[in-house]
Amino acid sequence: MNQIVSHLRPEAKSSSPHSTRQRTLKSAIGCTGVGLHSGAKVTMVLHPAEAGTGIRFRRIDIAGGGAIVPALWSSVGDTRMNTCLKNEAGVVVGTVEHLMSALAGMAIDNCLIEINGPEVPVMDGSAAPFLFLIECAGVVEQEAPRQAIRILKRVSIKDGERSASLTPSSGFSVRFEIDFGASAISRQEFFVNLSRGTFKAEVSRARTFGFEQEVAMLRAHGLARGGSLDNAVVIDSTGTKVLNDDGLRYTDEFVRHKVLDAVGDLYLAGAPLLGHYHGVRAGHAVTNQLLRALFADSSAWELTTIAPGSAAAPFAPPALAIAANG
C-alpha cells in the first residue's frame, strides 16, 4: 500500500479552481471513554494535519517512531469483532471503524489522532459522538486537491454466505443485507446514497449490537470487556427482545450499523471511493479482503480529482463532480 499511498496522498500544492480541496480539522479536540473490547479507559485527541498526510494514529503511550499507525487497509491486522490496525513495529489501534466512518462522513482527508491506549473509545457504540467532535472542532479546506478512487469494474469477495462487492458508480452508495435467526433482528436490508447530510441523518446514530448469551464467551476471548447497554444494543437470550430501556434509534438500526461499519472500513482505502458497495452478511474481514482484491488489480480502479460541477462526489459539500484522472 505504500506505493499506492504515494499517489493517493500527493505533496501539498496550490489548489486549482477546477478541483475541490482536501479538508482537515480547524482545531484539536478530544474525548475520554472505554474500549469496547479492552474495557480500558482511554483518552483520544483529534488534531489537524497537513495536506497529503492522510489519517494516522499516534500511540502517545509508546515512545519512538513505531508509535505511528497509518489508517490504511494494508495495516489491518485483526478483524475479530472489530477492525484493528497494526504497524510494522507491532503497535496496534483497535476498533477504528466507527471513528473512520465519522471522518469519512465529514470528508476529513487529513487528521492525526493521538491516543494513549490500544483501542479507540467506543463512546455510545455509534459514529455520532465522533461526528459531534468534528463539528465542534470545525473543518477547514487546504491548498491541495482532493482525490478519489474510481471503481472501474466489478470486484467481489465471497466467503460462504458472506459476500461483498464494489461496482462502478458516479457517486458512493452502500447496500447491506443481514439475516439473523433472532426474531428481534430477522432479515433487514438498507440502501443509502452517501451525499451530504445522509450519513449524519440516516447512518451515524446506529449502534453496535450483540447477543446476551454471547457476552461470557466474548469476554473469555478478551473481547467485549467494555461492552454495556450504554454503548451497544443487546438482544436477550431468547432472541425476541432488545434489552436497552430506550429501545432502538431506527427500526432497522442493526443493518444501518453494518452500513456504518462498512463506510469506516472502506475509508481505509486511503481516499473516498466512487463506486457502489454491496454487502451480504459481510463483516470487517470480508470488507478488508475486498479492498485487498481491489488494489491487487490495477485495472479495477483509478485515481481521479474531485472538481466542482455536480453532486457526484461522496461525503462532500454539494456541487462536486469528477474531473480528469489524477
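UniProt positions are given in the numbering used here, and annotations may be inferred rather than shown by experiment.

**Figure 1. Confidence along the predicted chain.** This is a predicted model, and its chain averages a pLDDT of 87, with 85% of the residues scoring at least 70. Over residues 1–7 the pLDDT stays under 50, and for this stretch the model has eleven contacts beyond four places in sequence. Residues 309–326 also have a pLDDT that stays under 50, although the model gives them 66 contacts beyond four places in sequence. Where pLDDT is low, the predicted coordinates should not be read in detail.

Figure 2. The unreviewed UniProt entry carries the annotation "active site", which covers His284. In the model, His284 lies in helix H7, which spans residues 284–296. His284 counts as buried because its relative accessible area is 12%, where buried means under 20%. Leaving aside residues up to four places away in sequence, His284 touches Thr79, Met81, Asn82, Thr83, Glu97, Asp261 and Asp265. With Asp265 there is also a polar contact, made between the two side chains at 2.7 Å.

**Figure 3. The open sheet of five strands.** Read across the sheet, the strands follow the order S2-S3-S9-S4-S5, and their pairing is mixed. Strand S2 (29–34) and strand S5 (68–70) are the edge strands, each of them pairing on one side only. From one strand to the next, the twist averages 25°. Strands of a sheet pair through backbone hydrogen bonds, either parallel or antiparallel. Strand S4 (residues 55–59) and strand S9 (residues 111–115) run parallel and are joined by five bridges, and within this part of the sheet Arg56 stands opposite Leu112 in S9.

**Figure 4. Helices H2 and H3 against the sheet.** Helix H2, made of residues 97–105, lies across strand S3 (41–48), S4 and S9, and runs at about 140° to S4. Helix H3, made of residues 128–137, packs on the sheet and touches S2 and S3, while its direction makes about 160° with that of S2.

**Figure 5. The buried residues of H3 and what covers them.** An α-helix has 3.6 residues a turn, so residues three or four places apart point the same way. In H3 the buried residues are Pro129, Phe130, Leu131, Leu133, Ile134 and Ala137. Their cover includes strand S1 (21–25), S2, S3 and H2, together with strand S10 (139–145) and helix H4 (198–202). After H3 comes Gly138, whose phi is positive, near 85°.

Figure 6. Strand S11, which covers residues 147–151, is mostly covered, with four of its five residues buried. Two bridges join S11 to strand S18 (residues 273–280), and the two strands run parallel; Arg150 has Leu274 as its bridge partner in S18. Arg146 lies in the loop between S10 and S11, and Arg146 counts as buried because its relative accessible area is 2%. The side chain of Arg146 makes a polar contact, at 3.3 Å, with the side chain of Tyr267.

Methods
Residues are numbered from 1 along each chain as its sequence is written. This is a predicted model: local features need pLDDT of at least 70, side-chain atom pairs count only at pLDDT 80 or more; totals for chains, interfaces and linings use all residues. Side-chain values use heavy atoms; hydrogens and water are left out. Buried means under 20% relative accessible area, exposed over 50%, partly exposed in between (1.4 Å probe, protein chains only). Contact means heavy atoms within 4.5 Å. A polar contact is a pair of N or O atoms within 3.5 Å; within protein, one must be able to donate a hydrogen and the other to accept it, and residues adjacent in sequence count only if both atoms are side-chain atoms. pLDDT is the predictor's confidence in each residue, from 0 to 100. Two strands pair if DSSP finds at least two bridges between them. Axes are lines fitted to C-alpha atoms, for helices over the stretch in contact, and angles run from 0 to 180 degrees between N-to-C directions.
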